[in-house]
Amino acid sequence: MKKLRRWFRTLVKTKAFHICIITLIIIGLIAFAYVRIAKYNSEGETQMPFEVSKINVISSVDGEDSKDQSADRWNLDVSQNNDFYIYIEKNNNYHGRTEEAIESVVIENFEITKNKEQGENIIYKPDAESEKEIFKNEDKNKVDKIEYTGAAESKVKQMQMSNQGDLIYFRYTNKNIAKFASNEEELDYSQILKKLGTKEEDLKTTIKFDMTIKLASRKEFKTTVNTQVPIEGIVEKGASSNEIIDVNKLIFKRN
């Protein structure tokens, strides 16, 4: 036993032993960092002052008078709308050092992939002037990105949201997917796609976009939303809605 203790004391004093210990510590730190990074990549931020509680999508069919000359009573350019409603709420379980406030929410970097190439992809912001309608498919409302500014008062149609959480929205339209002509006395817009013989599978579109929540404290949290539109039943019903995105699967990371 005495020989073993002398051998160990001698070993501890050697340079090789010190190198081995330092190497093991470095390997341990690297492994710990790797596990933390892997967990962050898979789970993202687990404590945010604000959270997305729900994303609802309403799909509908729209028809505008065509510029093409026609003797028909109805001569329409048909579009398919998808209205996104995003609910951002204060996280009551957040225990930060300071009271947080939203500076802005930015939705951008849209990527749109269609099963069948038809129509024109357009993003619309809310129409600021209309009292009855949230969206109007007009050139003045076309945008490449959506940005809501945080403020004490909510004026969502003016792109101003409550800095303590709010409902924000935008529209993605597959514009001019078909032409519809008819001499019917009255037209049921909800049946246009059905009358055209449109296949729902041909309308399926994958829409992907980035959403960043920017805080007054200069913290930024970013996620990517990836889903399909329109909502099932659009051809048969002409309008459909659903909470199609599992917000628990949204991974927010520091930007």
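Q: What is the strand order in the open sheet with mixed pairing?
A: This sheet of six strands runs S7-S6-S3-S9-S10-S12. Strands are DSSP runs (E, at least two residues) numbered from the N terminus, and two strands pair if DSSP finds at least two bridges between them. The model is predicted: local features need pLDDT of at least 70, side-chain atom pairs count only at pLDDT 80 or more, and totals for chains, interfaces and linings use all residues. Residues are numbered from 1 along each chain as its sequence is written, and side-chain values use heavy atoms, with hydrogens and water left out.

Q: Which are the edge strands there?
A: Strand S7 (160-162) and strand S12 (253-254), each of which pairs on one side only.

Q: How many bridges do S3 and S9 pair over?
A: Ten, in the antiparallel sense. Val 105 has Ile 213 in S9 as its bridge partner.

Q: And what is the order in the open sheet with antiparallel pairing?
A: Its six strands follow S5-S4-S8-S2-S1-S11. Its edges are strand S5 (142-143) and strand S11 (239-242).

Q: Turning to packing, which residues touch the most other members of the largest nonpolar core?
A: Among them are Phe 84, Ile 107 and Phe 170, in a core of 37 residues. Such a core is a set of buried Ala, Val, Leu, Ile, Met, Phe, Trp, Tyr and Cys residues joined through side-chain atoms within 4.5 Å; buried means under 20% relative accessible area (1.4 Å probe, protein chains only).

Q: Which strand gives the largest share of this core?
A: S9, with five residues.

Terms used
Helices (H or I, at least four residues) and strands (E, at least two) are DSSP runs, numbered from the N terminus. Buried means under 20% relative accessible area, exposed over 50%, partly exposed in between (1.4 Å probe, protein chains only).
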